[in-house]
Amino acid sequence: MDSKSLSHTKWKCQYHIVFIPKYRKKILYGRLRQDVHDIIKILCGYKKVEIIEGAVCKDHVHLCVSIPPKMSVSSFMGYLKGKSALMIYDKHPEISSKWNKSFWARGYYVATVGNVTESAI
């Protein structure tokens, strides 16, 4: 079993997360696409969240991440979307006024990944 450990805990918390830009604008291409990729990678590193797989598409972002159990998915997503929007606006000020300082839409989709068998336990 591919699990991580804390002092008294073994864990494998993996999530598939999808989130979109405000109004589902098809703007994530070219230089902005690469910057979003780099920003997400940096922010996940700060919070010790491992990116297993990820893709920045034209109108959405897919992430498969391993989040430590001490952090909730909702707090991680609030951090990721909030900080990434600020960093995107710093690098691309020309898009900041279009959506009234809101780059990402309010919601996101999340699902758990994998299953635990009795032999793994």
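**Salt bridges and their surroundings**

Lys26 is exposed, its relative accessible area being 52%, where exposed means over 50%, buried under 20% and partly exposed in between, computed with a 1.4 Å probe on protein chains only. This is a predicted model, in which local features need pLDDT of at least 70 and side-chain atom pairs count only at pLDDT 80 or more, while totals for chains, interfaces and linings use all residues. Residues are numbered from 1 along each chain as its sequence is written, and side-chain values use heavy atoms, with hydrogens and water left out.

Lys26 forms a salt bridge with Asp59, with 3.4 Å between the closest N and O atoms; the term stands for a side-chain nitrogen of Lys or Arg within 4 Å of a carboxyl oxygen of Asp or Glu. Asp59 also pairs with Arg24 in a salt bridge, the closest N and O atoms being 3.0 Å apart. Asp59 lies in the loop between β4 (50–56) and β5 (61–66) and Arg24 in the loop between β3 (14–19) and α1 (30–46), so this pair ties together parts that are 35 residues apart in sequence; helices (H or I, at least four residues) and strands (E, at least two) are DSSP runs, numbered from the N terminus. Arg24, Lys26 and Asp59 are thus linked in a network of salt bridges, in which Asp59 is buried at 11% relative accessibility and Arg24 is partly exposed at 41%.

The whole structure holds 3 salt bridges, and one of them joins Asp35 to Arg31, with the closest N and O atoms 3.2 Å apart. Both residues lie in helix α1, 4 residues or about one turn apart; Asp35 is buried at 3% relative accessibility, whereas Arg31 is exposed at 54%.
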